[in-house]
Every structure is written in C-alpha cells, then in structure tokens.
Amino acid sequence: MQASSEKSAPALHASLEGRHALVTGGSRGIGLAAAKRLLALGAKVTIMGRNQDVLEAAKAALEPMGGVAIACGDVAQRDQVQAAFEHARALHGPVGILVNNAGQAVSQRFDRLDEQGWHDMLSVNLTGVFHCTQAALPDMLHDSWGRIVNVASTAGVKGYAYVSAYCAAKHGVVGLTRALALEVAGRGITVNAVCPGYTDTDIVREAVANISRKTGSSDDEARSALTARNPQGQLVRPEEVGSAIAWLCLPASSAINGQTVPVDGGETAG
C-alpha cells in the first residue's frame with residue numbers, strides 16, 4: 001500500500017487538471033509557450049491580448065490541445081481588464097492561475113526619453129500587472145489556492161543602457177512580486193517572477209532591427225551583440241521560459257514564493 005501511494009503522488013502533483021489559467025500577452029512568444037505548457041498539464045487556458053485577429057490565430061493553433069479560450073483587452077486599461085476577466089470566467093470559471101506576461105520595450109537614451117514614453121513603459125509593464133492581479137486575486141482568495149507568475153526580465157534585477165523606463169518598470173514588477181507574496185503567503189497563493197534574458201521573441205527581433213538601424217550593423221551582428229550577454233552564447237527560447245512558468249504553477253511548487261527565477265543562461269549568476 002505504501003509503494004502504491006508513493007507512485008501515485010507524482011501524478012497528482014504534476015497535474016493542473018480543473019484549474020483555469022489566464023495568460024496575458026498569450027498569443028505569441030513566451031505567453032504562447034506558457035499557454036501550451038499549461039494546457040499540456042491539464043489546465044483550461046484563456047489567452048488575453050489586444051489584437052482579436054492574432055488571438056484567433058493563436059487559438060486555432062492551440063485548439064488541438066483542447067480547453068483554450070480567448071479574451072481581448074489592453075492590460076493598461078482597467079475597464080478592459082475587468083471585461084476580459086469576466087468573459088474568461090464565463091467560459092472557464094474562476095481564475096486560479098495568472099501569468100502576467102504582456103509587455104513592451106522601447107529603446108531610448110534617457111535624456112531623450114519624453115514623459116509619454118516613460119508613461120507607456122510603466123502602463124503596460126507595471127500597471128498592467130497591477131490591474132490583472134487585482135482582477136484575479138478575489139477568485140484565488142475565495143478558493144484558498146492560486147498561482148501568480150509575473151514575467152519580469154533580467155532588466156528587473158540589473159540595469160541596461162537605453163531602456164531606463166523598461167528597467168524601472170520591470171524592477172517594479174519584481175518589488176510587487178515580493179511584497180504581494182508576503183501578503184498572501186498564508187492563503188494558499190504563491191506569487192513569483194521569472195526573469196528571462198534576451199529571448200527569441202518579437203521584442204528582441206525589434207531590438208535587433210533597432211540596433212541595426214541606429215548603428216549600421218547587420219542583423220547578424222546586432223543579434224550577436226545580444227547573445228554575447230548570455231554565457232551560453234545564445235538567445236533563450238520561449239519554450240524554456242514557458243516551462244519555468246508552468247513549473248511554478250504546479251501544486252508541488254507551493255513552497256516557492258516571492259522568488260525571482262532567472263532564465264538567462266547564467267547572465268545574472270554570481
């Protein structure tokens with residue numbers, strides 16, 4: 001009997017069966033990779049984004065896995081967040097897992113950064129996390145169970161030149177993660193952040209194009225400048241970040257709380 005119990009325990013802790021996960025920025029890149037992993041673990045998943053057509057295409061790609069829905073809304077707009085979450089609940093029930101992945105990065109020298117550019121970076125990358133977390137938290141508190149995973153960045157634990165507003169926002173996400181984790185630690189809810197290094201996503205492809213345009217270097221040279229930051233000499237793959245996110249959502253990860261988990265090939269080690 002003892003041997004049987006030991007064999008059955010891993011299956012129980014490796015499943016998110018019956019859980020509803022909402023992933024912001026879920027139609028591409030890290031968000032889409034996370035959605036795939038969560039679906040594979042048995043969760044029902046709602047992917048949220050601003051572009052209905054892109055969301056529909058992502059849903060079509062994920063539908064063979066089952067249990068996927070979409071919700072359109074801008075995380076920077078509180079009313080749109082509330083409407084998107086209500087739509088998601090109507091389809092899949094209470095939100096038990098929230099992946100705050102929606103983000104945007106714009107490069108600008110600090111002395112040329114205008115107030116609107118500063119505001120835009122904080123609105124999407126930090127205030128969006130605030131809006132979505134406040135929308136999801138009541139469901140988790142009611143059920144005494146929840147997982148919140150904030151996709152921050154290595155820019156949330158160190159600095160990078162020419163992206164001061166982005167760095168400030170991502171540092172804010174890390175601070176919010178640590179503070180909220182303490183508030184809800186006794187309520188069955190964990191709050192963690194993953195901090196990817198340069199990852200093969202649209203944001204990095206735009207960064208490569210921007211570097212090439214401003215420096216006259218080729219795309220390969222610009223890409224090499226980014227991969228050189230990673231001790232492994234490569235860009236992080238979205239699937240690697242998605243797997244880390246899914247691991248933090250598992251029942252067996254309940255003791256992981258208030259942490260920043262780097263997925264960066266060792267860039268921030270030491």
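Predicted model: local features only at pLDDT ≥ 70, side-chain atom pairs only at ≥ 80, totals over all residues.
**Stop 1: helix 2.** Select residues 29-40, which form helix 2. The helix has 12 residues. From first C-alpha to last it reaches 17 Å, close to the 16 Å expected at 1.5 Å a residue. Now colour by burial. Ile-30, Gly-31, Leu-32, Ala-33, Ala-34 and Ala-35 are buried. Then step past the end of the helix to Gly-42, which follows helix 2. The phi of Gly-42 is positive, near 100 degrees.

**Stop 2: the cysteines.** How many disulfides does a search of the whole structure find? The search finds zero. Select Cys-72, which is in no disulfide. The nearest cysteine sulfur belongs to Cys-132, 13 Å away. Cys-72 is partly exposed, at 37% relative accessible area. Move on to Cys-249. Is Cys-249 buried or exposed? Cys-249 is buried, with a relative accessible area of 0%. The closest cysteine sulfur to that of Cys-249 is again in Cys-132. That sulfur is 15 Å away, so it is too far for a bond; the cut-off for a disulfide is 2.5 Å between sulfur atoms.

**Stop 3: His-131.** Select residues 115-143 to show helix 5, then pick out His-131 within it. His-131 counts as buried because its relative accessibility is 8%, and the buried class lies under 20%. Which residues does His-131 contact, leaving aside neighbours within four places in sequence? Select Val-75, Ala-76, Gln-77, Arg-78 and Val-81: His-131 is in contact with each of these.

Methods. Residues numbered from 1 in each chain as written. Heavy atoms only, no water. Helix = DSSP H or I, 4+ residues; strand = E, 2+ residues; numbered from the N terminus. Expected span 1.5 Å × (residues − 1). Buried < 20%, exposed > 50% of the residue type's maximum accessible area, 1.4 Å probe, protein only. Contact = heavy atoms within 4.5 Å.
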